[in-house]
Amino acid sequence: MDVYRPDRLAEALRGPVAEAIAVVGRMIDGAEEQGDRSTAAQLAVEAALLCVKAGDTGRAESYMGTAMAAAEASGSETVRLVVAWRYTAMMSMLDRTADAVRYAKALSASLEPGHPLHVRVIGLSVSGTVAAASGRWREVLRVSEALSELLAEGAGSDARPLQGLVAQAELGIAEASMRLGDEGRATVHASRAFELARRHGMSAVGSSALGILFLTKSTPPGVDFGSWLEAAVAGYKERGDVLGQIGSGLVLAWLYREQGATERALALFADLEEAAVAAEQGFAWAKVMIWRAQLRTDVDRALHELTRGWAVLCEVAGAMADPGARQSLLIDWRTLAADTLEWLHGRCPRPLPAAAGRLAVTVMTALAGDGVAAALHGGGEDEDPAQEGAGPALDDLADALAARWRADALAPPDTLESLAGRDVLAYRVLEARADLLRGWRVHIDPYGAVEVAPFAVEGAAAQEIKRLADGDPRAPSPDPEVWRQAGAALLPAGLAAGAAEELLLVPHGPLWLVPFGALDLCGSALVEQRTLSHLPSLSQPRGTAVGRPLTAAVLADPLLPGIELELGALAEVTARPPVTAATAAGLERALEDAPEILFLGAHGEGSGPAFRLELEEEELALERLLAWRLPGWVIASSCLSGRHNAEVWPPSLVTVCRLRGAAHVLGATWEVPSRPTGRIVADTIRNVGGGDGPALALRRAQRAARARGWPVRNWAGLVTFG
C-alpha cells in the first residue's frame, strides 16, 4: 500500500505505464483504507486512463467503475464532475461515446453561472469532449471558446489546478476551425496550443497542434516538426503508451511521407503496425496499411496492402455499435478515401486492373448510402436539437439503416459483377464552396471497366448547384450554359460512346440536387441519350419490375392543381379503379390489399420528423409511413418529396419508402410547379401502363416535355430512385 502524494504520483506517471499502474493501484488501496473516497476516485481515473494507453480495455473499465462508485460515495459534486469529465475522455479513446453523452446531459446544470468556476470549467470540458467525439464541430468551437474565456476569467488560484485545460481549449478551437475551413484561425490557436503544450510537457496536445500547423504550412519559430514528433513517439514507446505512440507516430509518418523520406516512413510504419496489432487497434492498423501502401514502388504490392487495409477498415466500421465512434471514424475515413482514390488515379495502369476496380467500388460503397446518416444518429453537424425524441419509429429507422450501412461498409464482393451491363457514375464531394465543388468520380462501364478521376465544378454552375442544395426556393437556372458547364465537369467524355441505355447515378452531398437529365453531353441533354436512375449506394439493389396487373392505392388532395391529370392516368392503366383514401387511416386499410402502386398527391412540407403531406382534412407525417408495408412503386411527386441526401439525418421520404418495400420512388427534388408536374406524372403513369419500367417511363415523359419547349424547372426536378 502506498500513501498518495502529488509528487509521488507525478513521478509514477512519467515512468513506464505498467509500473505507473502498479503504483497508482497501491495508492488507491491506501486511500480507500483511510476512507478518502475523493482521492480514491481520482486515482482510479488515472489508473483507468493508464490501462487504456497500455491497451488493457477490460482493466480500464474495471478501474473506471471503481472511480464512479468512489465519486458517488464521496458526496462531492466537484469530484463527481471531475470523474465524469475524465470518463468521457476514456470513452472517446475507446471509441465509445454513448455513455459519455448520457453523462454530459446529466451534468448540463454545471454550466449555470452560479456554479463555482472549477465546476463550470469541468462541465464545459465534458460537453467539448462529447461534441468532438460526435463530430459536431460548430459545437466544439462554441464550447472551446467558452472554456478559453472562462479560464482567462479565472486566471487566479481557483483555476490554477485546471491550467492544463487552456492548451486543450486552444487545440479545440484550432481543430474545429480547421474542420470548418478557417485555416487562418486554426493556425493562430494551434500555435498557442503548441506553445502551452511545450511549456507543460503535454506531448499529445503538442503532436495534434503540430499536425494542424503542418497542414496549414505554418511552422512555429525555432521548432522542428520532425524533432518534436520523433521525441514524442520515442517517449511514448519507452513508457509503453501504445495509443500515444500510434497517434503521434501516424502524424510523424505523414510528415515523412510529405517530405519524401520514404525509407524513414516505411520503417516507422512497420513499428506502428506492430504496436497497433499488439494493442488490437484495428482502425490504426488499417490507416498504417493504407498510408504505407501509397509509398510502395511495387504497384501490385501496394494494391494488395490497400485492399487489405480497406477490408480491415470496413470490418472495424461494421463492428462499431456507438454512433459517436462511427462519426469519429468517418472523419478520418474520408481522408483515407481521398488518398486511395488519388493513388488509383495517379499510380495504377490504364485500364485499371480488376482488383483496383474492386477497390474503387469498395471505397465508394463504404462511404455512401442512407445508412451513413443513421449510423451517426444522435450526433452530427446538422443535427437539430428540436428533433430529438421525435418518436420510437424514427429510432427504429435509425437502427435499421445503421445496420444496413454496416452491411454496405463490408462491400459485398459481387457488387461489381451485379452492375454488369449498365453505365454507373458514383461521386464523392470533398469540398463544397459557393464557387467550387470538387471531389472524385468513379465510372463503371457496361463491361465492368472502372475509371477513377477527379472532378471540379466551378463558376456559375457551382453557384447554381450550391444554391439548390442550400434550399433556395427559386427555380433552377434556365441558362443552358450553366448546365453545359456542369455536364463538362461531372460527366466523363467516354459516356457518350457508351453501349448501355441505362445510367445509374450515385450522387453525394450537393450533387443530389443536380438535375442530371438537363446536363449537356456532347451537345444534347443527358435525358435525350440515357435512361436515368438514382441509387443511394452502389451496393443497394436495383428495383424489380412493377407487378402486373396494375392496381393502386391513392391518398391525395383533390384541390391540388393538376391532380386530376394524374388520377385520370391511374384510372386508365389499373385493372380496377384505384382505392382512394381521404385519411391516413383509410390509406392503411387500402394498403392491406397489396396494391402495386401507391400514389401520394399533396403538397409536401418540412423534412425528417417534420416532413408531412398536407391533405384536405389532416397531415400525413413521415413517421406514419414507417408502420406500413409499401408497394413496389411509390409516386410522390409533391414538392421536396425527393429532396434526398444520404448523409443527412433525419431521412428523406425516399429513404423511408425504399426501406418499407418500395423498389422505385418517383420524387421531386425541388418545388416543382403543380400543373406541369401533373402532366409529366400522368404521362409517366401511362408509359408504365404500356410496359415501360418507371425510369424509362419518366424519361419518355420528360423528353415529351422538352419537345413542348418547357424550361428546366418544369421537368428536370422529377427523379426516379431505384
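**Notebook: helices, a glycine and the cysteines**

I began with helix α14, where the buried residues are Ala265, Leu266, Leu268, Phe269, Leu272, Glu273, Ala275 and Ala276. A reminder to myself: this is a predicted model.

Next I checked the length of α14, which covers residues 262–278. I then looked at what follows α14 and found Glu280, with a positive phi near 55 degrees.

**Helix α4**

Which residues of α4 are buried? I noted Ala60, Tyr63, Met64, Ala67, Met68, Ala70 and Ala71. After α4 comes Gly75, and its phi is positive too, near 75 degrees.

**α13 against α15**

Then I turned to a helix pair. I looked up how α13 (residues 242–259) sits against α15 (residues 282–293): the axes come within 11 Å and cross at roughly 10 degrees. Angles under 35 degrees count as roughly parallel, so I wrote down α13 as roughly parallel to α15.

Which residues meet there? From α13 I listed Ile246, Leu250, Trp254 and Arg257; from α15, Ala284, Lys287, Val288 and Trp291. I sorted the residues of this contact by type and got 6 nonpolar, no polar and 2 charged.

**Gly689**

A single residue next. Gly689 belongs to helix α28, which covers residues 674–689. Is Gly689 buried, partly exposed or exposed? Its relative accessible area is 34%; buried would need under 20% and exposed over 50%, so I have Gly689 down as partly exposed.

I also wanted its partners from elsewhere in the sequence. Leaving aside neighbours within four places, Gly689 is in contact with Arg548, Leu550 and Val573. Pro549 is worth a line as well: Gly689 and Pro549 are 140 residues apart in sequence, yet 9.3 Å apart in space, C-alpha to C-alpha.

**Cysteines**

Last stop, the cysteines. How many disulfides does the structure hold? I found 0. I looked up the exposure of two cysteines while I was there. Cys348 has a relative accessible area of 6%, so it goes down as buried. Cys657 has 0%, and is therefore buried as well.

Definitions and conventions: Residues are numbered from 1 along each chain as its sequence is written. This is a predicted model: local features need pLDDT of at least 70, side-chain atom pairs count only at pLDDT 80 or more; totals for chains, interfaces and linings use all residues. Side-chain values use heavy atoms; hydrogens and water are left out. Helices (H or I, at least four residues) and strands (E, at least two) are DSSP runs, numbered from the N terminus. Buried means under 20% relative accessible area, exposed over 50%, partly exposed in between (1.4 Å probe, protein chains only). Contact means heavy atoms within 4.5 Å. Axes are lines fitted to C-alpha atoms, for helices over the stretch in contact, and angles run from 0 to 180 degrees between N-to-C directions. Angles under 35 degrees count as roughly parallel, over 145 as roughly antiparallel, 65 to 115 as roughly perpendicular and the rest as oblique. Ala, Val, Leu, Ile, Met, Phe, Trp, Tyr, Cys and Pro count as nonpolar, Asp, Glu, Lys and Arg as charged, and the others, Gly among them, as polar. A disulfide is a pair of cysteine sulfur atoms within 2.5 Å. The expected span of a helix is 1.5 Å times one less than its number of residues.
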